[in-house]
Amino acid sequence: MSFINWPLKPLYLLQNKQLLKSLKHLNKYFIKYRIRLILGLLIAVTSRLFAVAVPKFIGDSVAEVELYVKGEINNIEIVKSSLFINILIIIGCALLSGFFMFLMRQTVIVVSRFIEYDLKNEIYEQYQNLSLSFYKANRTGDLMNRISEDVGKVRMYAGPALMYSVNTITLFAVVLTYMSSIAPMLTLYTIAPLPILSLSVYYLSVAINKRTTVVQEYLSRLTTFTQESFSGIAVLKAYQIEGRTTNDFNELANQSKQKSINLARVQALFFPLMVCLIGISNIIVIYIGGKQYLNGQISDFGILVEFIIFVNMLTWPVATVGWVSSIIQQAEASQKRINEFLETVPEIKNDKNAISTPIAGAIAFKNVNFTYPDTGIQALTNISFEIEAGQTIGIVGNTGSGKSTLLELIGRLYDPTHGQITIDGIELNKIDLQNFRSQIGYVPQDAFLFSDTIENNICFGKNNATESEMIEVAKIASVDKNIINFKNGYQTLLGERGVTLSGGQKQRVSIARALLKKPNILLLDDSLSAVDTETEKQIIKNFKALSEKRTSIIVSHRISSVKNADLILVFEDGKIIQKGDHQSLTTQKGYYQDLYNKQSQKKEM
């Protein structure tokens, strides 16, 4: 346990010893910001010392007035002078306490924001390192929740929980010591209700936490429901099910409302309970203290005034014990969820002696098998072939035959289950991952565009690209004419996932984005499927006219996309069943010839 946990430990002796185990992950951040934290803790102690001085001077003022009333002091000017000095001291202590409290929040709370920032960056970096199988096994909403809501709960532990714990410990140490020194028995009676308050607040906090979780779950359902409804509004209208959808939404909204009401009922008990127990403590001070004063056990009436102020001063810190305990429970649960992902070892990672070198583009598969880890489906079986640098390879086959999987293995989004993939004679897993991926261009089957301008989407892989370079690749991808006809041209802002553009336009913008990198290996995964045949011909013609020598692998269901390739591979059930150039494959009976004849007949029709 790091030094930062010591202020919290006394408050949770009854908690499970493993409670803070997950939170140990934060120790490195506490050490990183240790100077700020130590300074913040010292400031917190200073603030409390000034705060507890106020009741003492108020009590002295009341005692001074009492002596004058009793006739023990006859000079009114002396009393006025003493009261004036005490008032100035009280105001000064209050101002200094407030000032140091401000500084405390500027240190401890700001540090918690730094930790929140660092933790979010750590999680985001880990997300980027994790493989595709991880994303297939986890929902996007859950990933977002852990980097936002869960980190927010952890920040509460690193900031407010720490700050209030230090305040409580300091206040109790100073106040109880002082109270015991002047009236030990009255002190015991005074603090008797405080443990009850702390336990009550704790159990209320647990109940509130549980009901809050339920409310958040229903809010998440409402958000998901509305998001899917808005995204699929065209389908809802086409099937005329707006009425049914509205009824489903109303039912879900009513359930969410009921859960919120249940939460509000518990929350409503918090402050009345607190006020009640404060009142009981005050009554005890007045009754017991009054009797002791009348019996001569307490020397002056000012002590009673001090005790009443101290009771009210201690009540909120005691109440925060339960609240802070709830915060730590939530933070521990959230950090445990975060650690699950942070402790996930990426399946794709660099070798210790990874080679960082320019690649020419020669690719070889040697007896490669691949089985998807999440489903157990064997996608590729005993795949072997070689591609020389600068060649164009076409791949055709039925849906699910393993074509896209092959490209994912070349891009090293997965590693083969068995066999070997080499680039320029070097094993792929021996090449530096970042260096390798910076030299390939990949256009996936489902073209993904960001909610940004067309220009930024094209320049996504090359931030320092010039306008002329961007326009050049847009022309090669045959999308420039479409873009310049838009009202804002290349500055047109796209909707979510590029919804502003048609399917063919999205594919061509994605191709332009890949070409802008000037990759040595270009992977096109059925990226011309939404493009008409004339545009397809123009794009392929532009590809051939490129002066750069690059290795291109084109996956397609159209013969027209691959017929000019140096080598064509035909896939079926994860195996290569035919290979050769277009001319030779059209003369062989089999899948390729049948596909060619079907597509030729459609063109004639």
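1. Is I521 buried or exposed? I521 counts as buried, because its relative accessibility is 0%. Here buried means under 20% relative accessible area, exposed means over 50%, and partly exposed lies in between, with a 1.4 Å probe and protein chains only. I521 sits in strand β7, residues 521–525. Helices (H or I, at least four residues) and strands (E, at least two) are DSSP runs, numbered from the N terminus.

2. Some ground rules. This is a predicted model, in which local features need pLDDT of at least 70 and side-chain atom pairs count only at pLDDT 80 or more, while totals for chains, interfaces and linings use all residues. Residues are numbered from 1 along each chain as its sequence is written, and side-chain values use heavy atoms, with hydrogens and water left out.

3. Back to I521 and its surroundings. Not counting residues up to four places away in sequence, I521 touches I359, G361, I363, I423, F436, Q439, I440, G441 and T551. Contact means heavy atoms within 4.5 Å. E340 is 181 residues from I521 along the chain, and their C-alpha atoms are separated by 36 Å.

4. Now the whole chain. The protein chain has 21 helices and 10 strands. Its radius of gyration is 36 Å, whereas a compact globule of 605 residues would have one near 25 Å. That radius is taken over C-alpha atoms, and the globule rule is 2.2 Å times the number of residues to the power 0.38. Along the principal axes, the C-alpha atoms fill a box of roughly 125 × 60 × 50 Å.

5. Of the 605 residues, 45% count as buried. Among contacts with a separation of 6 or more, 78% are between residues 24 or more positions apart. The accessible surface comes to about 31,400 Å², and carbon and sulfur atoms hold 57% of that area. Accessible areas come from the Shrake-Rupley method with a 1.4 Å probe; for residues, only the protein chains shown count as cover.

6. How many residues line the largest pocket? The lining has 42 residues, of which L132, L413, Y442, F450 and F460 lie nearest the centre of the pocket. The volume of this pocket is about 2,300 Å³. By class, the lining has 19 nonpolar, 14 polar and 9 charged residues. Ala, Val, Leu, Ile, Met, Phe, Trp, Tyr, Cys and Pro count as nonpolar, Asp, Glu, Lys and Arg as charged, and the others, Gly among them, as polar. Elements that each supply at least two lining residues include α3 (76–129), α5 (140–182), β6 (440–443) and α17 (503–516).

7. A word on pockets and cavities. On a 1 Å grid over the protein atoms alone, a cavity is a set of points where a 1.4 Å probe fits but cannot get out, and a pocket is an open set with protein on both sides within 12 Å along at least five of seven lines; lining residues have an atom within 4 Å of a point. Grid points are joined across faces, edges and corners, and a volume is the space filled by probe spheres set on the points.

8. The search of the whole structure finds 2 cavities of 30 Å³ or more. The second largest cavity has a volume of about 40 Å³. Residues lining this second largest cavity include L524, D526, E536, I554 and R558. Its lining divides into 4 nonpolar, 4 polar and 3 charged residues.

9. A331 belongs to helix α11, residues 302–342. A331 counts as buried because its relative accessibility is 0%. Leaving aside neighbours within four places in sequence, A331 is in contact with L23, K153, V154 and Y157. V531 is 200 residues from A331 along the chain, and 51 Å separates their C-alpha atoms.

10. N167, in helix α5, has 8% relative accessibility and so counts as buried. Leaving aside neighbours within four places in sequence, N167 is in contact with A44, R48 and M104. Q593 lies in helix α21, residues 591–604, and at 17% relative accessibility Q593 is buried. Not counting residues up to four places away in sequence, Q593 touches L585, T586, T587 and Q588.

11. N382 has a phi near 50 degrees, a positive value in a residue other than glycine. N382 is found in strand β2, residues 378–387, and is partly exposed, with a relative accessible area of 48%. S478 is not a glycine, yet its phi is positive at about 55 degrees. S478 sits in the loop between α15 (467–476) and α16 (480–484) and is buried, with a relative accessible area of 18%.
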